[in-house]
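This report covers strand pairing, a surface patch and salt bridges in a predicted model. The sequence and structure come first.

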Amino acid sequence: NPLNAIMVISDALSQEFGDKMDVRPFINNIRTQVNRLSELTKDLLDLGKSKEVSEFRLLNFADLCSAAAHLWGQSGATMGSQIKLALHPETDNIMVTGDEQKLQQAILNLLDNAAQNGPNGSVIDVVVERPKSYIARVRVVDRGRGITPDLMQKVFEPFFTTRKQGTGLGLTIVKSIVESHGGNIIAFNNDPPIGCTMQVSLPVTEEEGE
């Protein structure tokens with residue numbers, strides 16, 4: 001695609017002129033912007049993809065959340081943050097129906113968002129619970145400054161972001177994935193402590209072994 005072609009050209013320019021101090025910043029900027037456009041394109045493609053309900057399968061909700069938290073903890077996106085995973089006993093055997101990869105992506109996006117909003121090295125709580133017999137819920141809690149009332153209603157809107165390098169699609173994609181699974185997501189400020197909570201609720205299909 002055109003972005004790949006631009007990256008190849010920038011690689012060639014780097015090999016030819018990269019040792020010249022007056023040229024290097026421009027080449028690096030080209031590469032940075034291409035990477036940003038690549039991420040934006042990927043997010044737009046993810047947002048536009050739909051998954052047939054017939055392709056969904058039964059998933060253990062607690063295992064899904066645990067695996068996503070572990071995967072994120074092993075990635076390079078943690079920014080020094082530590083995950084504190086809390087699995088309530090009543091979630092041991094609850095099952096949901098869905099696309100495992102997409103639901104994990106939603107949780108990973110929420111963890112990325114929490115790390116970016118909280119101070120470096122802060123704790124991110126991932127709480128898996130079952131508030132009602134027919135609801136499976138995961139809460140991702142950061143230790144940031146929270147969200148002002150005027151921005152709270154915009155956090156799931158496409159292209160809305162308060163980060164300089166953000167695309168504004170991360171939470172939009174999460175909302176799209178969650179709603180395609182018959183669930184919902186809400187955001188609210190913690191009181192106390194400081195920070196914000198992203199709360200995802202999904203319908204319970206059945207208990208394992210039923």
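## The β4-β5 hairpin

A hairpin of 2 residues joins β4 to β5. Strand β4 covers residues 123-132 and pairs with β5 in the antiparallel sense, over 6 bridges. Within this pairing, Val128 has Val138 of β5 as its bridge partner.

Strand β5 runs over residues 135-141 and is mostly covered, with 6 of its 7 residues buried. Burial here stands for a relative accessible area under 20%.

## The sheet around β5

Strand β5 also pairs with β7 (residues 196-203), again in the antiparallel sense. This pairing comprises 7 bridges.

Which strands make up the open sheet, and in what order? The sheet has 5 strands in the order β2-β4-β5-β7-β6, and its pairing is mixed. At the edges are β2 (82-87) and β6 (184-189), each of which pairs on one side only. From one strand to the next, the twist averages 20°.

Helix α3, made of residues 61-73, lies across β2, β4, β5 and β7. The helix runs at about 170° to β2.

Ile6, Ile9, Leu13, Phe17 and Ile30 make a nonpolar surface patch of about 390 Å². The most is given by helix α1 (residues 2-17), which supplies 4 residues. Ile9 is one of the patch residues and has its place in helix α1.

## Salt bridges

How many salt bridges does the structure hold? There are 5 salt bridges in the structure, among them the Asp11-Arg31 pair, the Arg57-Glu100 pair and the Glu179-Lys175 pair.

In the salt bridge between Asp11 and Arg31, the closest N and O atoms are 2.1 Å apart. Asp11 belongs to helix α1 and Arg31 to helix α2 (residues 24-48), so this pair ties together parts that are 20 residues apart in sequence. Asp11 has a relative accessibility of 30% and therefore counts as partly exposed. Arg31, at 28% relative accessibility, also counts as partly exposed.

The side chains of Arg57 and Glu100 meet in another salt bridge, at 2.4 Å from N to O. Because Arg57 lies in strand β1 (residues 57-60) and Glu100 in helix α4 (residues 100-117), the pair ties together parts that are 43 residues apart in sequence. Arg57 is partly exposed, with a relative accessible area of 46%. Glu100 is partly exposed as well, and its relative accessible area is 31%.

Glu179 forms a salt bridge with Lys175, and their closest N and O atoms are 2.8 Å apart. What separates these two residues along the helix? Glu179 and Lys175 are 4 residues apart in helix α6 (residues 170-180), so about one helical turn separates them. The relative accessible area of Glu179 is 44%, which makes Glu179 partly exposed. Lys175 counts as partly exposed at 27% relative accessibility.

How values were computed: Residues are numbered from 1 along each chain as its sequence is written. This is a predicted model: local features need pLDDT of at least 70, side-chain atom pairs count only at pLDDT 80 or more; totals for chains, interfaces and linings use all residues. Side-chain values use heavy atoms; hydrogens and water are left out. Patches are made of residues with over 30% relative accessible area and no salt bridge: like charges are joined within 9 Å, nonpolar side chains (Val, Leu, Ile, Met, Phe, Trp, Tyr) within 5 Å. Accessible areas come from the Shrake-Rupley method with a 1.4 Å probe; for residues, only the protein chains shown count as cover. A salt bridge is a side-chain nitrogen of Lys or Arg within 4 Å of a carboxyl oxygen of Asp or Glu. Buried means under 20% relative accessible area, exposed over 50%, partly exposed in between (1.4 Å probe, protein chains only). Two strands pair if DSSP finds at least two bridges between them. Axes are lines fitted to C-alpha atoms, for helices over the stretch in contact, and angles run from 0 to 180 degrees between N-to-C directions. Contact means heavy atoms within 4.5 Å.
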